[in-house]
Amino acid sequence: MSGSRGPSLVALAIVLTLGTAALEASDSNGYVSLKGMGGVGISYTDEGFDQFFMGQAQVSRPGVGTLTRKSLSFWLGYGVTDDLTVTVNLPYIRTRASGTGGYKENDFQDLVVMGTRRLYATGRVARSTFVGAAGIRTPATNYSVDNPADVGDGTTDLLLRIIYRLNYRNYYIAQQVGYDVRGGIAPDSIPLYTEAGVGLGRVSLSGFFSKYLTWEGTDIGEPFSPFPSNREEWDRIGGKVYFAATDRFGVSVAAFHVLNGRNTGKNTGFGFGVFIPF
Amino acid sequence: MGRVWGGAALMVCMALGLVATGSILAAAAPDTDVPYRVIVHPANPIESLQKDDVSDLFLRKRTSWEDGTSVDPVDQSEVAPVRHTFSVDVHGKPVGGVRRYWQQRMFTGGDVPPQVLDSDQAVLAHVRANEGAVGYVSEDTSVDGVKVLEVVE
């Protein structure tokens, strides 16, 4: 895609780039599995919007109409040791633009493989844990990257994370600081993620705030802003309710909303998922 | 949609392989019953607890004693016969079932399992030194310096 396209088409490609599924897979609350155990999860997310940030200016109802994205994510985690967990995530994404052009795309997005290691833990009642994680995010298929309804950026990225987690009684708070070494012309980024929650018997409630920072890159509308060189930023909040129906099966519902951003969509999403420990 | 099911099938195959590995590891669980005693610090005013309450302490469903002191449960090694007995008798499920419980709690970020100590003596030393602590030891272990709780149905 080049800057010669209309700004609304350029914007569309931008807002549908780094998908929710892939980002959620790389944000961490410090989860580390027990040795020899793991879990599989499947989650479905439905998100849509008709407003986006062109640069930092919010624009309503571009000519392409409402954008929708439905994603089905497959997740697997396994404890290699009590301190080292490997996770794999693969989302399948379906995008649609309701307006002019009728752009659409269906494909697997990016495979995310992360290794998460508990670096240090201290305390018995108030428990502090420091976790480090590193991984790779790479396209799982040769999906299109020049369609306004792209499912992803098409870049291979190195993901680095440090997470601090504090557990006290039924409560916890986790703070992630990350650095994404982006491939190609995509600018490097800093993903910040804060999650807090409480366990109430079989039910767990959690909320999160994520902030995605990039300090270079182009703005939509500039004379030359080839995809995916844009400076993407956003502030997003969300929450999740998890219900452990049995020891072998749990379900969750979740929602999120983008508060602010730059070269991204002002989207709202809802989802549900199942988790099966083994 | 065929590709979706292909991806799902790939994940399921990977999970099944890991499940099989886990089952092999789980097969090492001891099959002998070792009677246990639940112990707390001598300053703890509690004299007896129902089994469900003991389970709640070790699953962190109950996190404070009546006087507000934080509960500090300590567990035994997964290969210890006394843990096997305790798990089945108190939690009503084998060690593997408790591990699955913790998998979900850890996945949601809610909490982490109790500290694991590798012997009765280590559990005794921990409980003696910490007012909020609760643990369990083999019945034939000397329990000087700690209080033994009566566990009722």
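**Strands, contacts and an interface**

Student: In S8(A), which residue is the bridge partner of Asp110(A)?
Tutor: First, the ground rules: this is a predicted model, where local features need pLDDT of at least 70, side-chain atom pairs count only at pLDDT 80 or more, and totals for chains, interfaces and linings use all residues. Residues are numbered from 1 along each chain as its sequence is written, chains are lettered from A and ligands numbered from 1 in the order in which they are written, and side-chain values use heavy atoms, leaving out hydrogens and water. Helices (H or I, at least four residues) and strands (E, at least two) are DSSP runs, numbered from the N terminus. In S8(A), the partner of Asp110(A) is Pro139(A).

Student: And how many bridges are there between S7(A) and S8(A)?
Tutor: Two strands pair if DSSP finds at least two bridges between them. These strands make a hairpin with three residues between them, and Gly123(A) in the turn has a positive phi of about 90 degrees. S7(A) and S8 (residues 126-139) of chain A are antiparallel, and their bridges number twelve.

Student: What does Leu84(A) face as its bridge partner in S7(A)?
Tutor: Strand S5 (residues 84-97) of chain A pairs with S7 (residues 110-122) of chain A in the antiparallel sense, over six bridges. In S7(A), the partner of Leu84(A) is Arg117(A).

Student: Arg118(A) is in a salt bridge; which residue is its partner?
Tutor: A salt bridge here is a side-chain nitrogen of Lys or Arg within 4 Å of a carboxyl oxygen of Asp or Glu, and over all chains there are 17 of them. For this pair the N to O distance is 2.7 Å. It ties together distant parts of the chain, 35 residues apart, from strand S7 of chain A to the loop between strand S4 (67-79) and S5 of chain A. The partner of Arg118(A) is Asp83(A).

Student: Where does Arg169(A) sit?
Tutor: Most residues other than glycine have a negative phi. Arg169(A) isn't a glycine, yet its phi is positive, about 50 degrees. Its place is the loop between strand S9 (157-168) and strand S10 (171-181) of chain A.

Student: Over to chain B: what is the strand order in the open sheet of six strands?
Tutor: The pairing is mixed. Strands S2 (48-50) and S4 (115-117) of chain B stand at the edges with a single partner strand each, so one side of each is left without a neighbour in the sheet. The twist averages 35 degrees from one strand to the next, taking axes as lines fitted to C-alpha atoms, for helices over the stretch in contact, with angles from 0 to 180 degrees between N-to-C directions. The order in chain B is S2-S6-S1-S5-S3-S4.

Student: At what angle does helix H3 of chain B run to S1(B)?
Tutor: H3 (residues 81-91) of chain B lies across S1, S3, S4 and S5 of chain B. Contact means heavy atoms within 4.5 Å. Helix H3 of chain B runs to S1(B) at about 85 degrees.

Student: How much area is buried between chain B and chain A?
Tutor: The contact takes 41 residues from chain B and 46 residues from chain A. Buried area is the accessible area (1.4 Å probe) that two parts lose on being put together, summed over both. Carbon and sulfur atoms give 59% of it, and the total is about 3900 Å².

Student: Which residue of chain B meets Asp247(A) in a salt bridge?
Tutor: Between chain B and chain A the count is one salt bridge. The N to O distance is 2.4 Å, and the side chain that meets Asp247(A) is that of Lys93(B).
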